[in-house]
Amino acid sequence: MEKFCPQTITNLRRKNKMSQKTLSEYLGISNRAVSKWENGLSQPSAKHIYALSKTFNVPMDYFYEKTNGKVVKATPVGMTSVTEIYKIGRGPSSSHTIGPERICKIFKAKNPDADFFKVILYGSLAKTGKGHGTDTVIKKTLSPIQCEIEFNYVEENLPHPNTMTITACKNNSETCKETFYSIGGGYILSENSSPEEEKIVYSHRKFTEIAEYCKDKKIRLWEYVLENETDKIESYLKSVWETMKSSIEAGLEMDGILPGGLELQRKAKTLYNSQYMSESPETRENRIVCSYAFAVSEQNASGETIVTAPTCGSAGVLPSVLYYQQKKHDFSDTQIIRALMTAGLIGNLIKTNASISGAECGCQAEIGSACAMAAAALAELFDLSIDKIEYAAEIAIEHHLGLTCDPICGLVQIPCIERNAVAAMRAINAVNLADFLWSTRRISLDNVIKAMKETGHDLLTPYKETSEAGLAKIKLK
Ligand code: SF4
């Protein structure tokens, strides 16, 4: 059992030179509520603990003390498994389809006697839920039980931009009600979750700490992952790689129009098969890598099975880069799996210290993270040093900072599909630059991740998966 520890908020607030007023504005609550928490007169709910942990970049259990009186250590406790980064599931959006699907499965299992469910979608889940097919996935998952879905577009005071409430009913009476947050990459939290439900696998949560540890032990990043994960990690990543390959191969076979109403033609097959007479090796590489990225992204847009890397919308970047290199250089599946471990570690660092959710930090958190993962994977595959891997990932994020999430009609199609291809090429470029210029670098991966988080919080809400601004306002020809 754990007890809330009020002084942690005061300490963190002072350390970050933040007044009670600023913190309350940041959390969207009253100044009085923060004051009551700090004086031990009331306790933040799980959703506010989650918001506080994101604000101060500390784990959720930081705010609790054990019943034996021992305060949980002030140092951060680490990261969860890299398997949380790679989820095999149906597109088109990890936060809008895989997350809600998991929420519905959990809630349905908890309420086996329910004869009716009522779901309310808030924030980005409401604004782009129709385009992303959130309602379809929810209905499918809760069936055969009847369900009613309400899209609440007006509520703005939300603990997370992807919030949903489900109510279970029996004989016209409410039997259970719970609010969940789909926080990106298919990862979910409940207002009732206690911090220990997040299983911490890694004791470190900064790249500098990991690099120092690996250099001391003279191990590579993938070996660090192996040291910390269970012995199931390799077989899990094998199935991840098989699914990634299948989605490329299936996508290259498909023709026709993508669902959703934009009348967007699939392009992967055409791109793959269109060769210029005098095509240079560089142009060929560009065309083939891009066709693989299109293939996965078009499968995703069609609601087919893909792997989040780290999200559905950005699922094409990492597999396209790795598949191309495997074919070109004959890398074994074992080598690819090691590259996936390193990429997963980078995705995990971003998820832990910033965000991988477009609704929370814009597209920099999805495509930027995917590009960093692909760059790190490629650098691992080429056996580059830890410093070069770090630089490659840093470059990849740095040049996506500020990228907005404004998909047209809320569909994961424009700009998402093409953006996967561009990011794949950018990952290759980042590795080449890192290989030559690593000794001149001035910015660490940890710092660029921090910058991404701050930039994401500064982005106006309409640019964070609401389809209300930017590209989403353009009328298509
Ligand atoms: S614009 Fe980027 S973040 Fe937004 S849905 Fe598309 S891929 Fe995801």
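**View 1. The chain is divided into three parts: domain 1 (2–66), domain 2 (93–196) and domain 3 (207–473).** The domain bounds come from an automatic or database domain assignment. This is a predicted model, in which local features need pLDDT of at least 70, side-chain atom pairs count only at pLDDT 80 or more, and totals for chains, interfaces and linings use all residues. Residues are numbered from 1 along each chain as its sequence is written. The centres of domain 2 and domain 3, taken over C-alpha atoms, are separated by 28 Å.

**View 2. Domain 2 meets domain 3 through 19 residues of domain 2 and 22 residues of domain 3.** Two residues are in contact if their C-beta atoms, placed from the backbone, lie within 7 Å. On the domain 2 side, at least two residues each come from helix 5 (94–110), helix 6 (123–127), helix 7 (129–132) and strand 7. Helices (H or I, at least four residues) and strands (E, at least two) are DSSP runs, numbered from the N terminus. Helix 5 gives the most to this side, with four residues. By class, this side of domain 2 has three nonpolar, 14 polar and two charged residues. Ala, Val, Leu, Ile, Met, Phe, Trp, Tyr, Cys and Pro count as nonpolar, Asp, Glu, Lys and Arg as charged, and the others, Gly among them, as polar.

**View 3. Strand 7 (residues 173–184) and strand 8 (residues 187–190) run antiparallel and are joined by four bridges.** Two strands pair if DSSP finds at least two bridges between them. Gly184 has Tyr187 of strand 8 as its bridge partner. The hairpin has two residues between the strands, and Gly185 takes a positive phi near 65° there.
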